[in-house]
Every structure is written in structure tokens, then in C-alpha cells.
Amino acid sequence: MVLYCIASGLVLFLRPDLSSRLLTPWIAGFVFLVFTLSYLTLFTKDRSNGFSFITLGVIGLNFLMQMTGGNGSPLFPLYFLPVSIAAIQHRVWAFPAAGLILAIEALSMLLTAPYEPHQWYAFAGFAASLAGVALITSYITHGIRNEAKEAKDSYEKLLSDAHAVDPLAGGTNVEALTEKSRQATHVSVAREREGAFGALIDMISGILPAHTYALFLDDRDDGVFSLRGIRSQSRSASSGTVEFARGNGLIGICAARNQPQYLPYMVIPTKSLGYYSHDVPVKSFLAIPIVQGDRVAGVLAVDSLEHDAFPADTQETLTRFTPFFSQIIEKSRISMELDIRAKNFAALHEMSSVLSNSLEIAEVLEQLTDQIRSVVPCDFCAFLLYDAKTKEVIITALRGYDRRFIGSRFPLEQSAILTHMLNQWSDRRVYTIHHDPELGDRGREIGLFPMKELQQPLKSLFGRPLVAHDRFIGAAFLASMRSHAFTDYHRNFMDTLLNQVSLVVDNSMLHRRIRDMARTDGLTGLLNHRTFMEKLSEEYKRLDRDPRPFSILLMDIDKFKAVNDKYGHPVGDVAIKAVAKVMKDTARGSDFVARYGGEEFAVGMVDTDSRGAAQMGERIRKMLEKTLVTRVFDGELRVTVSIGVSSFPGDTKNVADLVTMADNALYQAKRSGRNRVCLHQDMKDADVAPAKPGR
């Protein structure tokens with residue numbers, strides 16, 4: 001780049017004998033410089049490269065001017081552009097940019113017109129103009145930057161003040177408790193509090209004059225003291241965010257020791273006080289703790305430009321004012337807590353209305369996860385229900401996690417946290433809230449889910465069992481990528497809400513059990529005849545809209561009456577349950593399987609033609625041939641089935657005829673020797689006869 005700057009001053013492209021030979025390599029090298037600099041800037045984030053781009057811009061402009069006539073080029077005024085851009089980027093850059101331009105042009109003048117005074121006069125005017133543009137532009141941009149910085153500092157301080165008066169410190173009507181809504185509310189409270197602090201400081205300064213009064217508060221209860229109010233005669237006093245940790249600096253030492261800190265003769269730099277942006281000739285400094293109960297809630301810092309400005313009687317007078325600051329802090333805290341509690345009840349009421357909208361567990365919990373995430377600052381939310389019969393956990397609702405896993409099951413023992421919760425409930429009949437505020441690097445190894453896709457690098461976790469009517473029915477979990485995300489208030493809110501959720505989930509599960517009892521056969525757990533016909537009716541309507549293959553299997557246990565007569569009805573029930581189990585294990589998830597009546601069974605097969613239905617029937621038949629039903633007094637009991645198949649549209653385009661056709665095919669299977677599958681399309685007209693009892 002230095003060589004290119006020198007080459008620009010040598011005006012190589014004003015000489016016809018050189019310009020043609022150097023043009024191509026010069027452009028190639030310039031493009032290489034631009035590419036290299038762009039690469040370094042992109043991957044090193046080096047801010048200083050900004051001036052290098054300005055230098056390249058000057059070199060490029062000089063090249064264009066040489067190509068268009070040198071000093072007489074109409075593009076000459078464009079030199080003011082890189083100087084202005086440099087001033088906008090950084091006020092100091094404007095002057096070296098102007099110096100570079102003048103150096104290149106001065107060298108060009110020495111080589112092309114060393115003895116032409118009028119051109120040097122013009123150059124001097126250009127130099128003065130360029131310097132003036134650099135000076136004015138840098139001054140204006142510096143002022144704009146300072147104003148922007150002050151506005152940003154004020155905004156950050158206002159947000160910090162608003163955050164400080166929020167009892168939740170980050171998280172309840174669902175809308176009223178979102179972060180933006182709370183922030184707007186707390187900004188107004190913070191302004192009121194700041195006004196009260198300012199009025200009190202003004203009153204104190206009227207009685208005991210000082211150079212600066214600065215108020216630091218630990219209003220987030222984290223041991224960090226932030227500047228919340230300042231009155232100063234110095235323009236160097238900061239209005240932005242200034243913080244000290246307990247024990248650090250004069251402010252932190254005063255808070256840690258809970259004793260006034262007085263320096264009658266300042267010897268340390270005033271910048272160490274934190275609230276000055278430049279050195280100020282402060283001669284004495286006093287810091288007084290503001291005590292609230294048994295903790296230091298703040299520090300009042302006072303300084304003066306005179307030595308030993310705060311003797312013992314002055315210190316005592318100032319100390320008498322500190323309880324007033326405590327009263328303002330307490331008033332703001334109580335006011336905000338009352339406001340938040342009112343909104344908390346509104347949020348619980350709104351969520352309760354969601355809980356009462358439906359008895360469908362998944363639907364209710366899915367809506368609830370959205371509302372919880374708008375109230376509590378969590379990245380992940382999960383509701384897991386426990387099936388006591390299978391000892392499995394069902395993932396019922398997820399937010400933040402991969403939603404494909406909703407409805408998935410896994411054994412309870414594969415979740416260490418859920419196992420611990422259930423054991424605690426089983427042993428002591430008390431539920432234990434799980435709270436890990438700081439997981440560190442263990443977030444993926446906490447043993448909540450066995451699926452790798454659901455194992456996230458969490459930093460904090462809150463879990464609460466769902467318990468109702470003396471039964472453990474599941475758990476709810478909130479997780480965050482931030483440490484200490486869930487305050488006491490968040491946990492209390494969730495505990496109250498999840499009490500209601502537990503009752504609603506329990507009622508929903510009871511409703512589901514009652515509904516399932518009405519829809520299923522009590523002996524086999526399959527759909528009953530009425531429900532099978534309802535599902536057939538739904539499927540028929542779908543086929544009217546979207547004609548696709550559909551098949552029905554009707555099957556009957558062979559010689560079942562003989563089983564009942566010989567071994568009794570209890571053994572017959574065992575045989576029915578054995579057939580039902582084989583059918584459930586063999587059928588696909590999209591099929592619907594029913595006990596059609598007595599020893600008859602039916603299967604509705606979606607998107608299946610007669611060939612696919614026949615293959616399914618053969619699998620069921622062969623499986624039953626190998627199945628031992630039970631041991632009886634004369635050996636082993638095994639049963640076989642006969643199966644009839646009808647299909648749409650292969651057998652008929654009138655879906656209402658499918659059941660009759662399947663029944664006729666079943667009768668044909670019986671007539672042909674039993675223990676076989678018969679398709680309606682394979683029957684001969686002469687073989688079709690009404691089905692008869694005693695099959």
C-alpha cells in the first residue's frame with residue numbers, strides 16, 4: 001500500500017509511454033490489495049483497517065484523476081469525499097487522510113510543474129480548503145458522537161434503573177408481565193424514584209454544600225452498587241452506568257465494611273471514584289453507608305474541592321439524612337411488589353381460563369407453554385405425563401425443543417430427575433421441586449431426557465412434579481441458557497400455577513378414561529362395535545372427498561362355540577384376548593381394530609388395496625397358528641381364524657357395501673375349510689350366500 005501511495009505521487013499514468021504498460025498490473029495489484037484488506041477485516045475484526053480502506057480510496061481517486069487530466073481533472077473536488085468519510089469514521093483520521101492527499105499531489109506537482117507559481121497558489125488554496133473540511137467535519141462528528149454517547153448512557157441508566165425497581169428482576173396478566181410491558185411500567189417508577197432522590201440531594205446540598213453528591217444503590221441484591229443519582233458542579237460528572245462490586249473501590253469498601261470512608265486529603269486519581277469522566281481537582285472525599293435492616297442498601301458519596309471539607313459534625317449531619325434514602329427505596333419496592341402481585345393474579349386468572357377451555361390434555365398444555373414462556377424468562381418448556389401402567393413417560397407438550405418428539409414415550413428409569421421425583425413422592429408423599437440455578441457445563445448431562453436431540457447445554461433448570469388426588473401424574477420443566485434465570489418469584493408463581501395444572505390434567509385423564517371405556521371393548525381394549533361403525537362412517541366421508549384405496553377385514557374364531565362348551569366361558573375369554581393381542585401387535589398405526597361382536601373382529605385399513613389387506617390377513621392368521629392361548633386340562637389350547645376381505649374401489653365403488661362383502665367373503669372362508677383368508681373378488685357368483693350363525 002505504501003508503494004502504491006508513492007506510485008500515485010509519481011504520476012505514472014500522465015506519461016503515455018508508461019501508462020499503457022503499467023495499466024493492467026496496476027489494476028490487478030489494486031484489486032489484490034482490496035481483496036486482501038477485505039479478508040483481513042472480515043476475519044480479524046480489526047477496526048484500524050478502516051483507515052486502510054480510506055487510503056485505498058485516495059489511491060483509486062488519484063488514478064482516476066491521472067486518467068482524466070491530472071491537476072486539471074474535473075474529478076479533483078472528489079478529494080473532499082475521503083476526508084469527510086475519515087472524519088465520520090474517526091475524528092483523528094481526517095487529518096492523516098488530508099495529509100496523504102496533499103503529499104501525493106505535492107509530489108505530483110514537483111514532477112509535472114515545479115516552476116509554475118500559479119499552480120502552487122491553487123494548490124495552497126486547495127490545501128487550506130482540505131484542512132478546513134477536515135477540521136469542520138471532525139468537529140461536527142465529534143459533537144454528534146458525544147451527544148449520541150450521552151443519549152445512550154442516559155438510556156442505559158434509565159433501563160438499569162427500571163430493572164432495579166422490578167421485584168422479579170426479569171419476569172406476570174400474561175401481557176402485563178412480559179419484559180417490554182414491565183419495562184415501560186418500571187421506567188415511570190424509576191423516574192419517580194430518581195426525582196425523589198434528586199429532591200433529597202438538592203435539599204442536603206442546600207444545607208451542606210459540596211462539589212458533587214453521588215448516590216449508589218444495591219437495588220438488585222447482587223452485591224453490585226450502581227449510580228442512581230448525582231448532583232455536581234462539574235461537567236465531567238458521569239450520567240451513564242457506573243457500578244462497583246462490594247469490596248471494590250471506595251464505594252465498595254464503604255459498603256463491605258458498613259462504615260463511613262473519609263479521605264480529608266485526596267491523593268488518588270478522581271477517575272477511581274467512578275462518577276467522573278475526566279480528572280477533577282477533588283481535595284476531600286466522604287462515603288456514607290445507607291443501611292436497610294441488616295444490609296447495606298446503598299452508599300452516599302460526597303466530595304469537595306477543598307481539603308478536609310467534611311469534619312465530624314458535618315459527617316454526623318449527613319448520616320442523619322441516610323434513613324430518608326432507605327424510606328424512598330422501600331416505598332418504591334413495596335409499590336412495585338403490589339403492582340406485580342395484582343398482575344400476577346390477573347395472569348393466573350387468564351391461564352386458568354385456558355385450563356378450563358378444553359379437556360384435551362395435549363391441547364391445554366400446548367397453549368399453556370406459550371403463555372408460560374411469555375411470563376417466565378425460559379428458553380425451554382416441557383410437560384411430561386406418567387403412565388403408571390406401563391411405567392413410561394409421555395412427552396405431552398414442548399416449547400423450544402424439537403416438537404417432533406411430542407407424543408414420544410420412554411421408560412421412567414431413563415430420566416434420573418423424574419425417577420428421583422417419583423421416589424420422593426412414593427416414600428414421603430411430598431413433592432420435591434427441582435431447581436438447579438447454575439448447571440455450568442453439566443447442562444447436557446442432567447438426565448432429563450434420554451433422547452440426544454433433546455439434550456441442550458442448559459445453565460439453569462426448574463422442575464415441579466404434577467400431583468393430584470394422592471397420585472404422581474407427571475412433571476413440568478422450565479430451562480434457560482442463562483444462569484440463575486428463575487427467581488423466587490418465578491418459582492412461587494409456577495408452583496401456584498402448576499397446582500391448578502395438576503388438577504386439570506388429572507380431570508382430563510379421568511375424562512379420557514371414561515371416554516375410552518365408552519369407546520372400547522372392556523375385555524380386549526379394542527374399539528367396540530359402535531365406535532368401529534362411527535370410524536367407518538368418517539372414513540366413508542373422506543373417501544367421497546378423496547377417493548383412495550380402503551379395505552375391511554372381518555375375522556371369526558373358528559369353532560369358538562366348541563371351545564366355550566368344552567372349557568367354559570373363562571377360557572373362551574382368554575382366547576378372545578389372545579386373538580385381540582395378536583391383532584393389535586400386527587396392525588399398523590393407521591389401522592383401526594375392533595371387536596365386532598362375540599368372537600368376531602374387524603380391521604379398517606386406510607390406503608390399502610385388496611392385495612395389501614390379504615397380506616395383513618395372512619400375517620394375523622399365521623401368527624395365531626403359532627400362538628399358545630393357554631394350557632388346559634387336556635393339553636394346549638390354540639385357535640385359528642377365518643378372514644374375509646373386501647376393498648374399495650376394487651370390489652365396489654359403493655362404500656356402504658364393503659361390510660356386507662367382507663362378511664360374505666368370511667362365510668366363503670368358513671365354507672372352504674376355515675383357517676384361511678378369502679378375498680371377495682375371488683368368490684364365484686354361485687358361492688355367494690348369506691352368512692349363517694354357528695361358524
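In strand S6, Val302 is the bridge partner of Leu286. The model is a predicted one, in which local features require pLDDT of at least 70 and side-chain atom pairs count only at pLDDT 80 or more, whereas totals for chains, interfaces and linings use all residues. Residues are numbered from 1 along each chain as its sequence is written, and side-chain values use heavy atoms, with hydrogens and water left out.

Helices (H or I, at least four residues) and strands (E, at least two) are DSSP runs numbered from the N terminus; two strands are taken to pair if DSSP finds at least two bridges between them. Strand S5 (residues 284–292) pairs with S6 in the antiparallel sense over 9 bridges. S5 and S6 form a hairpin with 2 residues between them, and Gly293 in the turn has a positive phi of about 70°. Strand S1 (residues 212–217) also pairs with S6 in the antiparallel sense, over 6 bridges. Within this pairing, Tyr213 stands opposite Val302. Strand S6 (residues 295–304) is mostly covered, with 9 of its 10 residues buried (buried, under 20% relative accessible area; exposed, over 50%; partly exposed, in between; 1.4 Å probe, protein chains only).

The structure holds 25 salt bridges, a salt bridge being a side-chain nitrogen of Lys or Arg within 4 Å of a carboxyl oxygen of Asp or Glu. Asp218, Arg246 and Arg295 are linked in a network of such contacts.

Asp387 forms a salt bridge with Arg409, and the closest N and O atoms are 3.3 Å apart. Because Asp387 lies in strand S7 (residues 380–387) and Arg409 in strand S9 (residues 409–411), the pair ties together parts that are 22 residues apart in sequence. Arg409 counts as partly exposed, at 42% relative accessibility.

A salt bridge also joins Asp495 and Arg464, with the closest N and O atoms 2.9 Å apart. The pair links distant parts of the chain, with Asp495 in helix H12 (residues 488–519) and Arg464 in strand S11 (residues 460–468), 31 residues apart. Arg464 is buried, its relative accessible area being 0%.

In the salt bridge between Glu625 and Arg621, the closest N and O atoms are 3.2 Å apart. Both residues lie in helix H16 (residues 610–626), where Glu625 and Arg621 are 4 residues apart, about one turn of the helix. Arg621 is buried, with a relative accessible area of 12%, whereas Glu625 counts as partly exposed at 37% relative accessibility.
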